[in-house]
Amino acid sequence: MTVRAVRGATQVDADDRDQILEATTELVSAVMTRNELSTDDVISVIFTTTPDLTAEFPALAARKLGFHEVPLLCASEIAVPGALPRVIRLMAHIETSRPRSGVQHVYLRGATALRLDIAQ
């Protein structure tokens with residue numbers, strides 16, 4: 001097994017607790033499914049949000065999905081003028097036998113604009 005990082009992002013319509021939890025749940029679930037992972041394969045996950053999202057910690061959604069023993073961290077992205085608003089990002093460190101080119105990064109909703117080269 002090798003340690004790899006998998007990235008992902010999604011966007012919500014408003015700084016709303018339920019929207020943040022729903023979108024994060026969708027994002028984490030897609031990362032896990034597309035990379036055929038279980039929580040035992042996940043070393044840690046870092047979540048970031050743009051400065052306009054403060055209604056809830058995205059990590060709560062991961063905890064509700066069963067990430068009880070996985071270290072999780074939330075942070076704020078830097079406020080870059082003109083950056084896409086209301087974005088939740090994640091970087092998960094995983095153990096996998098996939099080569100780097102086989103890792104499936106996941107960009108959902110409006111966040112597909114961040115990575116048009118790999119957006120689903």
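**View A. R109 lies in the segment after β5.** This is a predicted model, in which local features need pLDDT of at least 70 and side-chain atom pairs count only at pLDDT 80 or more, while totals for chains, interfaces and linings use all residues. Residues are numbered from 1 along each chain as its sequence is written; side-chain values use heavy atoms, leaving out hydrogens and water. Strands (E, at least two residues) and helices (H or I, at least four) are DSSP runs, numbered from the N terminus. R109 is not a glycine, yet its phi is positive, about 50°. Its relative accessible area is 35%, so R109 is partly exposed. Buried means under 20% relative accessible area, exposed means over 50%, and partly exposed is in between (1.4 Å probe, protein chains only).

**View B. R86 sits in the loop between β3 and β4.** Here too phi is positive in a residue other than glycine, with a value near 55° for R86. R86 has 25% relative accessibility and therefore counts as partly exposed.

**View C. Five strands line up as β3-β2-β4-β1-β5.** The sheet of 5 strands is open, and its pairing is mixed. Two strands pair if DSSP finds at least two bridges between them. The edges belong to β3 (72–76) and β5 (106–107). Each has a single partner strand, so one side of each lacks a neighbour in the sheet. β2 and β4 run antiparallel, joined by 7 bridges. In this pair, T49 stands opposite I88 of β4. Helix α1 packs on the sheet and touches β1 (2–11), β2, β4 and β5. The direction of α1 makes about 30° with that of β4. Axes are lines fitted to C-alpha atoms, for helices over the stretch in contact, and angles run from 0 to 180 degrees between N-to-C directions.

**View D. β1 pairs with β4 and with β5.** With β4, strand β1 runs antiparallel, over 10 bridges. With β5, the sense is parallel, over 2 bridges. A9 has Y107 of β5 as its bridge partner. T2 is also in β1, and its bridge partner in β4 is T96. T2 touches I94, E95 and T96, leaving aside residues up to four places away in sequence. Contact means heavy atoms within 4.5 Å. T2 has 34% relative accessibility, so it counts as partly exposed. The C-alpha atoms of T2 and L37 are 13 Å apart, and these two residues are 35 residues apart along the chain.

**View E. T10 is a buried residue of β1.** Its relative accessibility is 0%, so T10 counts as buried. Setting aside residues up to four places away in sequence, T10 touches A23, L27, R86, V87, I88, L108, R109 and A111.

**View F. R89 is a buried arginine in β4.** At 16% relative accessibility, R89 counts as buried. Its contacts, not counting residues up to four places away in sequence, are R7, G8, A9, I46, F47, T48, T50, E77 and L114.

View G. α1 has 18 residues and reaches 26 Å from its first C-alpha to its last. That is close to the 26 Å expected at 1.5 Å a residue; the expected span is 1.5 Å times one less than the number of residues. The buried residues of α1 are I20, L21, A23, T24, L27, V28, A30, V31 and M32. D16 caps the N-terminal end of α1, with a side-chain oxygen 3.2 Å from the backbone nitrogen of D18. After α1 comes E36, with a positive phi near 50°.

**View H. The largest nonpolar core has 21 residues.** V42, V45, F47, F67, L72 and L90 touch the most other members. Two or more residues each come from α1 (17–34), β2 (42–49), α2 (59–64) and β4 (87–96). α1 gives the most, with 5 residues. A nonpolar core is a set of buried Ala, Val, Leu, Ile, Met, Phe, Trp, Tyr and Cys residues joined through side-chain atoms within 4.5 Å. V45 touches F67, V70, P71, L72, L73, L90, M91 and A92, not counting residues up to four places away in sequence. Another core, of 5 residues, lies apart from the largest one, with V12, I20, L53 and I88 among its members.

How values were computed:
Polar contact = N/O pair within 3.5 Å; in protein donor to acceptor, adjacent residues only side chain to side chain.
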